[in-house]
Amino acid sequence: GSATGNWTSNGNITFRVNVTDRTADSCVVYTNLTSGAGAMTNRSNVTFSYTDNATSNSAAQVFADGSYLWNVTCNDSAANLDSTYGATINFNVDTVAPVVAINKPLNKTFNSSGSVNISFTVTENNLDSCSLFTNETGSWALDHSALASEFTSGHGYNMTFTASDGSYMVNVTCNDSAGRRNVNASDYLITIDTAAPIINFINMT
């Protein structure tokens, strides 16, 4: 599947090994779920043949979202066994993209300060970062980004957009550790007007 570091956004996983042995026989991949109600130890996923000093692939296995450890044991035709490699390799599966919703301000809002606080909600167990995009420069571009660790726990998610008077489109996008990305359902229109009205003429009759 599509992977970023030890994260994958696809639960269909193929394990690849490179083994050196002139009398090559087979390998077995083992995994265990590291936590949760379905935690398991040394579950045999698949046995597959390997080729001497070449990359050999297991059949694809399906994994639910979660964190796993895996290792592999390989034996040759003389029943010699090597189980020393991969004992602490971990991988994480996250197949669900973040859900992003801007809460404040409302779409088509006027602002009189020139600084707009964008408050939004993110539903995601493995949030990596969020980014604010605007068309302030005349084209759609990144304004700034913030890592998940920069958002204060319990105070929601907030990013500030500062600009001169004018009308702008803004939106927030967030991605998770597995590389999945999502954006608020629609771009928001924000009009900044910091100038008070100027009375040019008064009269009475």
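**Close-up views of a predicted model**

**View 1. Leu132 and the residues around it.** Leu132 has its place in strand S15, which covers residues 127–134, and the model in which it is shown here is a predicted one. Is Leu132 buried or exposed? Its relative accessible area is 0%, so Leu132 counts as buried, a word that applies to residues under 20%. Leaving aside the neighbours within four places in sequence, Leu132 is in contact with residues from several stretches of the chain, among them Ile118, Ala141, Leu142, Met159, Phe161, Val170 and Val172.

**View 2. An open sheet of three strands.** The strands of this sheet follow the order S12-S14-S17, and their pairing is antiparallel. Which strands lie at the edges? The edge strands are S12 (99–104) and S17 (157–162), each of which pairs on one side only. Neighbouring strands of the sheet are turned against each other by 35° on average, when direction is ignored. Strand S14, made of residues 115–123, is joined to S17 by six bridges, and these two strands run antiparallel. A reader who wishes to follow the pairing residue by residue may begin with Val116, which stands opposite Phe161 in S17.

**View 3. Phe15 and Phe91, an aromatic pair.** In the model as a whole, the count of aromatic pairs comes to 10, where two rings pair if their centres lie within 6.5 Å. One of these is formed by Phe15 and Phe91, whose rings are 5.9 Å apart from centre to centre, with 70° between their planes, an arrangement described as edge-to-face. Phe15 lies in the loop between strand S3 (12–13) and strand S4 (16–19), whereas Phe91 lies in strand S11 (residues 89–93), so the pair ties together parts of the chain that are 76 residues apart in sequence. Phe15 is buried, and Phe91 is buried as well.

View 4. How are the rings of Phe63 and Phe91 arranged? Their centres are 5.3 Å apart and their planes meet at 85°, so this pair is edge-to-face. Phe63 is placed in the loop between strand S8 (61–62) and strand S9 (66–76), and Phe91 in strand S11, which makes this a link between distant parts of the chain, 28 residues apart. Both Phe63 and Phe91 are buried. Together with Phe15, Tyr68 and Trp70, these two residues form one aromatic cluster.

**View 5. Ala196, an exposed residue.** Ala196 is found in the segment that comes after strand S20 (188–192). Its relative accessibility is 59%, and Ala196 therefore counts as exposed. Although Ala196 and Ser112 are 84 residues apart along the chain, their C-alpha atoms are separated by 8.9 Å.

**View 6. The whole protein chain.** The protein chain contains 20 strands and zero helices. Of its 205 residues, 36% are buried, and its accessible surface comes to about 11900 Å², with 50% of that surface belonging to carbon and sulfur atoms. Among the contacts between residues at least 6 apart in sequence, 63% join residues that are at least 24 apart.

Definitions and conventions. Residues are numbered from 1 along each chain as its sequence is written. This is a predicted model: local features need pLDDT of at least 70, side-chain atom pairs count only at pLDDT 80 or more; totals for chains, interfaces and linings use all residues. Side-chain values use heavy atoms; hydrogens and water are left out. Rings of Phe, Tyr and Trp (its six-membered ring) pair if their centres lie within 6.5 Å; planes under 30 degrees apart count as stacked, over 60 as edge-to-face and the rest as tilted. Helices (H or I, at least four residues) and strands (E, at least two) are DSSP runs, numbered from the N terminus. Buried means under 20% relative accessible area, exposed over 50%, partly exposed in between (1.4 Å probe, protein chains only). Contact means heavy atoms within 4.5 Å. Accessible areas come from the Shrake-Rupley method with a 1.4 Å probe; for residues, only the protein chains shown count as cover. Two strands pair if DSSP finds at least two bridges between them. Axes are lines fitted to C-alpha atoms, for helices over the stretch in contact, and angles run from 0 to 180 degrees between N-to-C directions.
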